[in-house]
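Please consult the sequence and the structure shown below while reading.

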Amino acid sequence: MSENTINLEIGGRTLSIEIGRMGRQADGSAFIRYGDTIMFISATSKKEVKEPKPFLPLIVDYRENTYAAGKFPGGFFKREGKPSEREVLVSRMIDRPIRPLFPEGYFNDTQIVALLLSADMQNEPDTLGIIGASSALLFSDIPFTTPLGAVKIGYLNNEYIINPTVTQLEESLLNMVVVGNDQGIIMIETGAKEVEEEIIAQAVVVAEKEIKKIIDAQAELYAKLKIPKREFTPPQLDETRYQEIEKQILSELQEAVQVKGKKAQEERIKQILERLLEEIPPEEEDKIQETKEIFFQIEKKLVRRLILEEKKRVDGRSLTDIRPISIEVGLLPRTHGSALFTRGETQCLATVTLGTFEDVQRLDGLSEGEAKRFMLHYNFPPFSVGEVSFLRAPGRREIGHGALAEKAILPSIPSEEDFPYTIRIVSDILESNGSSSMATVCGGVLALMDAGVPLSMIVAGIAIGLVKEDDRYALLTDIAGLEDHFGDMDLKIAGTEKGVTAIQMDLKIPGISPEIFREGLFQAKEARHQVLEKMLSVLPHPRPDISPYAPRIITLFINPEKVPDVIGPSGKHIKKILAATNAKIDIEETGKITIAAENMESAEKARQMIREITVEAEVGKVYTGKVVRIEDYGAFVEILPNIVGLLHVSEIAHRRIRSARDVFKIGDTVKVKVLSIGEDHKIKLSKKVLESPSYRPYDRGRGHSRRDYSKSRPSKKWF
C-alpha cells in the first residue's frame, strides 16, 4: 500500500483514496474506490486572477464514461456528448459543499473534474465525488484546508444503513446524502417516502459519526505529507473609508432595505449606491470596486443586525411568518391541468400534461432500459427578476431546481397500474423573490390535482433561512430576497402532513450543528402545514375526472400465449385494430396490453376487438359455432374466433352415427357444449348433451332410417 493512500471501513466496505497516482499535471488529484466503483478527481486553479471578480469562478464537471459499465454510448457518433441531467446534478452536488470552504476573497479560476472510471451499479458515485474533490483540493497547493466527508444514509426495516446499495435504496424509505467537516454539517440532499422529522434528524447524527472518520483520515495524511499551500492574502477593505461611508449612508440605507416591494426596494438601494459612486472619478476603477464592496458589506451587516438583535425582517414579518399566498387552479382551459401559485413576490405557473406509454423519457445512461413516466421541468425566464437576456436551454440551476421539485412530488404519484399515464409538469417562474423551487412543488401538486391525477398524498414545500454569528442565530421561515442573499443557509423542505419527501440544504458558512438543523426541520413542519391548509382550502381533492382533452388509456391482461394471436401473421390483426380505432397499442410478452386513444369510444372499440381475438373457451359453457372441417370421426366447430373444438361422432346424437359427413356440411351452425379442455388445449364438444335422450331421426344424410316392422312381421299370439 502506498504511503499516499487512505483505507477506511465505511458501511461494511473499504473506502480507498490514493493521492497523486494519476493526473500529476493537475494541482491535485485523487483516485477513489468503493466496491468496484472507481472515480478519478482532479483539482486545478490558476495562479493569478485573470480579471477582478467579486466571486469564486469555480467550475465542477462530473462525467460518466459509458465504458465504466462496459457499454457503448448511444447515438450515431458513439461517443459521449453534452452532460446528461444526472451528470449535471452530481456536478452540482460536488460544487455546493466545497464552494463555501474556499478562503474569502479567493477569486482565482478553479476547476474540479470528476470522471467515473468503473461502475459496479450498486455503489453510487455521488458521495465519492465529494470526498474525492475534498482530497484533490486538500492535497494540492490550492488554499483549501478543510477536509470533507460524505455518506449516504438509508432507512430500511426501522434501521439506518450507511451507504446503502442501489438494491437497498429501492426499498429504503430514505435516500439522504449528508456532507460535513470538522465544524458541522454543510450540505444535505434527501429524497424520502413521507418520513417523520425525528427519523431524519437522527439520520444526520448517525451520518456525522461516519463523516468524522473520513475527515480524520484525510487530516492525518495531510499532516503527515506537509504539502505547502500557495501564498494567498485576502483583500482587506480600508477601515477608515468603511466607517466614513457607513456614517454617511447607514440611516438612509436602513430605511431603504425596509421598503415594501422588491422593485421599489432595489430602486431605493440603487439610488444610494449611485450617489456614492458619483463622487469618484470614473478612471479610479479600484476605488469604485472597493466602494461597491464596502456598500455590500454595510448592507449585509445591517440586514443581519435587524434579524439577530431586533428580531425584525426587512419586510416587517416575524421570524416565523409566511408571506401571503394566493392560488388559482384551472385557469388554462386546454391544458390537462394548471395552477397559478403566488407566495409574496414569487409566482409559479404550473401545467400538467398527461401522455401515453409512448411519451415516457428513455434514459441513455449506464443502467439498462431506464425510463421515466413522471418528469418535472423548471424554467426561470429573465423577466421573472426584471432582467433582459436571451432565452437559452436550461442551465444547471434550472435542472437542479426542477430535480428537487420532482423528487419532492414523486412519492405522491400513483403507480402505473393505478394510473397508466405518463405525467409531465412544467413550472414557469413568472416572478421570483425567494424559494421558487418550493413554489414549484406547491404549484405542481395543485396542477396535478386539477388534472385529476389520483395522488396518494398532498405535498407542499417551504424554505428556511439562517443568520448566525458566533453562538447567536435566528431561523427564518419562508426566506425572501435580501434574507437569502445575505443569510447563511437555504434549507428547502417538502413534505406532507405526515412526513418529509425531499430536503436540500446549502450553507454559506463552514457548517452548522445537527441541533440547528433539527430545529429548522421542525420549524419547516409548522410552516408546511399552514401552506397545505391553504392549498386544500382551494382544491380539497384531485378532480374526479381527467380533462376531456387528455388521452383515454385502458389496460387489460390476456393469456400470454394469446399475444401472437393479437399481433397476427405479419402484424395483420394488430394493423386491422389500429386502422379501425386510430388507437395506440402496447403489447408486452407478459400479456399486458395498454390501449391509448383520443376518446373512450375508440379505446373501448379496440379493447372489444382484442377481446374477440383473445377470448377463451370455458368448460361447461354452451356456444353456437360454425362447422369449419369434417372428418368421418367428427366435425370441427369454430365456437369463438380462432378457437375450434372437436365434436366427435359419438357426441353428435344419442343414436349411433356412422360418419359426421352424414350429418353436417361445412358452414352449418350448431349449438354445442364444451366438455373438457386438455393440457394440449384441445377442446372436446358435445351436441347430444343438449338434447333429450329420446330417439330422433335426421332428415338428411346417408345413415340408416327407422323402419316400421309392424306391417311386415306377423304379430305373436299367445295361446
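How many salt bridges does a search of the whole structure find? The search finds 43 salt bridges, a salt bridge being a side-chain nitrogen of Lys or Arg within 4 Å of a carboxyl oxygen of Asp or Glu. The model is predicted: local features need pLDDT of at least 70, side-chain atom pairs count only at pLDDT 80 or more, and totals for chains, interfaces and linings use all residues. Residues are numbered from 1 along each chain as its sequence is written, and side-chain values use heavy atoms, with hydrogens and water left out.

**Overall form**

- The protein chain comprises 14 helices and 29 strands; these are DSSP runs numbered from the N terminus, with helices (H or I) of at least four residues and strands (E) of at least two.
- The radius of gyration is 37 Å, well over the 27 Å that the globule rule gives for 719 residues, so the chain is more spread out than a compact globule. The radius is taken over C-alpha atoms, and the rule is 2.2 Å times the number of residues to the power 0.38.
- Along the principal axes, the C-alpha atoms fill a box of roughly 155 × 65 × 50 Å.
- Buried residues account for 51% of the 719 residues (buried means under 20% relative accessible area, exposed over 50%, partly exposed in between, with a 1.4 Å probe and protein chains only).
- Among contacts (heavy atoms within 4.5 Å) between residues at least 6 apart in sequence, 69% join residues at least 24 apart.

**Salt bridges**

- Glu64 and Arg86 meet through their side chains at 2.5 Å, N to O. Glu64 belongs to strand 5 (residues 58-64) and Arg86 to helix 1 (residues 85-98), 22 residues apart.
- Glu64 is buried at 10% relative accessibility, whereas Arg86 is partly exposed at 38%.
- Glu189 pairs with Lys407 in a salt bridge whose closest N and O atoms are 2.9 Å apart. Because Glu189 lies in strand 10 (residues 184-195) and Lys407 in helix 8 (residues 396-409), this pair ties together parts 218 residues apart in sequence.
- Lys492 and Asp490 form a salt bridge at 2.7 Å between the closest N and O atoms; Lys492 is buried at 6%, and Asp490 is buried at 15%.
- Salt bridges with shared partners join Arg313, Asp315, Arg317, Arg323, Arg343, Asp478 and Glu483 into one network.

**Nonpolar cores**

- In the largest nonpolar core, which has 135 residues, Leu15 and Phe517 touch the most other members. Such a core is a set of buried Ala, Val, Leu, Ile, Met, Phe, Trp, Tyr and Cys residues joined through side-chain atoms within 4.5 Å.
- Helix 4 (residues 197-225) provides the largest share of this core, 10 residues.
- Not counting residues up to four places away in sequence, Phe517 touches several residues, including Ile188, Ile200, Leu491 and Met505.
- A second, separate core of 27 residues includes Ile245, Ala256, Val467 and Phe486.

**Cysteines and Ser432**

- The structure holds 0 disulfides, a disulfide being a pair of cysteine sulfur atoms within 2.5 Å.
- Cys348 is in no disulfide, and the nearest cysteine sulfur, that of Cys442, is 8.7 Å away. Cys348 is buried at 0% relative accessible area, and Cys442 is buried at 0%.
- Ser432 sits in the loop between strand 17 (422-431) and helix 9 (436-450) and is buried at 8% relative accessibility.
- Beyond its neighbours within four places in sequence, Ser432 contacts Lys262, Glu345, Thr346, Phe380, Ser384 and Val385.
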